[in-house]
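Please look over the sequence and the three-dimensional structure shown here before reading on. The explanation below then leads through them step by step.

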Amino acid sequence: MSLRIYAIAYLIFLYAPIVLLPIFAFNDATIIAFPLSGFTTDWFTELASNKSLHAAVKNSLFIALVSAVTSTILGVCASRAGAMHRFRFKAGIMGFIMLPLVLPEIIVAVSLLVVVVQILDLGLSNWTIIAAHVLICTPFCIAILNGAFQNLDPAMEEAAMDLGESRFSAFRLVTLPLVMPGIISSMLIAFTISLDEFIIAFFLSGSSPTMPVYIWGLLRFPASLPVVMALGTILVALSIVLLTIAELLRRRGLARAGVKDEGGFL
Amino acid sequence: MTALITLTGVNKYYADYHALRDINLTINAGEFFSLLGPSGCGKTTLLRTIAGFESVSDGVVMIGGKDMADVPANLRPTNMVFQSYAIFPHLTVAENVAFGLRKSKDLDKPTKAKMVEEALTMVGLAGYGKRAAHALSGGQRQRVALARALILKPKVLLLDEPLSALDKKMREQMQVELIRLQRQVGITFILVTHDQEEALVMSDRIAVMFEGEIGQLADPETLYRRPNSRRVASFIGKMNFLDAEVKAVSEEIDVTVQGLGPLKISAEQAPEEVSVGPAVAGIRPETLGILFEGETTDRKLVDGVVDEVVYYGDMTYYDVRVDGVAQPLNIAMKNLIGRPVLDVGAKTRVIWDERSLVLLK
């Protein structure tokens, strides 16, 4: 009984702040406080007309998409090699790839800033952020993809090659469909990590900020807080939709491959 | 008989580990050939070398008169049935079987469908084409793997422990079916197995492997009756080993076997390089006998005492202690009508015959 109360309290504590987002996003007041003063969609209208916010969102989406795809491709290569091949210094190499998982982002951010600006003498742009995001997303992708590849019988690809396919088409025809659920999960996680990453983006963004950096800038003006709330509402709705799609795809993939369902996002 | 596969001086190293040691082997067209040995003996490595999944460190692999050194697995005239079957779970049974036909662009769809149905019929899975591959039982997966490999009409079918995942009854049924299938298609089968009975039942010839080497290469009967070494003899079936001393070698061999005394055996019961000196003699449990009351024999007899009795229903295995023999002799007796099962400690007489003796390296 007490455990049940604890569980309920835990969930409320976890999700109540998120529920506040849509409430204040539709509240007709610039001050975030109860009681609510009325219903309005003004904040969303303002959101729709804010050009610099649009630019920031566009930046973030572009960075997140490129980072997700790149780190997933790198993750697929690393997980496949880790699961199917034996080679020298494998444990050491894997350890180094996974290291950014525990490396403080501030350190990654500062050292990359030094490398890019001082040593390479390059300007800061979306691409510098992408490089850093790929670095921090890849370990997550590998962690997710390892599961997919470890369940895979290495004889599958060999069987396809034995039946006349080249190494690459064996991968494409057999391995890829079987690990697709893992790839989708991996892209989704990497996308999410990159989308809301602040520290690295703050240090490495050039003239045009990413969305988290832009929001951080907005917080200095109390009047624009409801706009941030509206933006947050849209983001929450978007993540729920994305996660649902990913989970549906994952389940369909599992059912098709006849693998027992062992958890997932939802 | 024409040679289909020739291995000449094949060696394989993994870093410091010598997995295949100077393998020289010829496998004939249409033959059912088995690679038999304990786990880690290199039999699977040898099979994978023929399939093209492992490169040789040294030596030549020829298939159909062509050097396979630069031919990758997908271009070799071999197909394989994997130990795990490696059925593609995301495809249907028919799509699995048709997988190898993807590269045959000259075949139209109806022809391919007909070939798939024929292949499935051949392995006893007619009408299973639309089923999802992951919903099949172990025996059915095995059949799909066979159909998938045979549809390409390879010169050689490689089978890597194909029956090890099946239960005993299913395994015996598949053994018979594999023999029938091999005769029907006339393709060379190379079977890797650690199960000596399976190899004896199915093969035309067997290569017994130990530690990367071929210990003996012979047909099942020769292998069983005339093993050339102690390790082959103890790996295949049961064998009693007795210390012996070779006294003279001529047309016949004079040898003294402990407990059995001096005797003469023919040259074919000994290895070719036999010489005067200490040796080991082997004798199979079923070629020895126990003289029960009321039975007679014109063969030789030696006194013994029953040391251990294991009752199998149709057979009883006795360990009988004989004066002058270090280890008790293991004797297999059929439980025929009127034969009692002897008790431990019973005095008995052991029937033996020097014709069933073999001298071992």
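Predicted model: local features only at pLDDT ≥ 70, side-chain atom pairs only at ≥ 80, totals over all residues.

Residues are numbered from 1 along each chain as its sequence is written, and chains are lettered from A and ligands numbered from 1 in the order in which they are written.

Chain A has eleven helices and zero strands; here helices (H or I, at least four residues) and strands (E, at least two) are DSSP runs, numbered from the N terminus. The C-alpha trace of chain A spans about 70 × 60 × 40 Å along its principal axes. Of its 266 residues, 34% count as buried, a residue being buried if 20 or more other C-beta atoms, placed from the backbone, lie within 10 Å of its own. Among contacts in chain A between residues at least 6 apart in sequence, 74% join residues at least 24 apart; two residues are in contact if their C-beta atoms, placed from the backbone, lie within 7 Å.

Where do the two chains meet? In all, 18 residues of chain A are in contact with 20 residues of chain B. On the side of chain A that touches chain B, two or more residues each come from helix 7 (155–162), helix 8 (167–195) and helix 11 (225–257) of chain A. Helix 7 of chain A gives the largest share, seven residues. The residues of this side of chain A divide into ten nonpolar, three polar and five charged; Ala, Val, Leu, Ile, Met, Phe, Trp, Tyr, Cys and Pro count as nonpolar, Asp, Glu, Lys and Arg as charged, and the others, Gly among them, as polar.

Strands of a sheet pair through backbone hydrogen bonds, either parallel or antiparallel. In chain B, strand 3 (residues 32–36) and strand 9 (residues 205–210) run parallel and are joined by four bridges, with B:Arg205 as the bridge partner of B:Phe33. Strand 9 of chain B also pairs with strand 10 (residues 213–218) of chain B, in the antiparallel sense, over five bridges. There, B:Phe210 stands opposite B:Glu213. The hairpin of strands 9 and 10 of chain B has two residues between the strands, and B:Glu211 takes a positive phi near 45°.

Further along chain B, five strands form an open antiparallel sheet in the order 15-19-16-17-18. Its edge strands, strand 15 (289–290) and strand 18 (329–334) of chain B, each pair on one side only. Within this sheet, six bridges join strand 16 (residues 300–311) to strand 19 (residues 347–352) of chain B, and B:Asp303 stands opposite B:Arg349 in strand 19 of chain B.

Definitions and conventions. Pairing = 2+ DSSP bridges. Buried ≥ 20, exposed ≤ 12 C-beta atoms within 10 Å, placed from the backbone.
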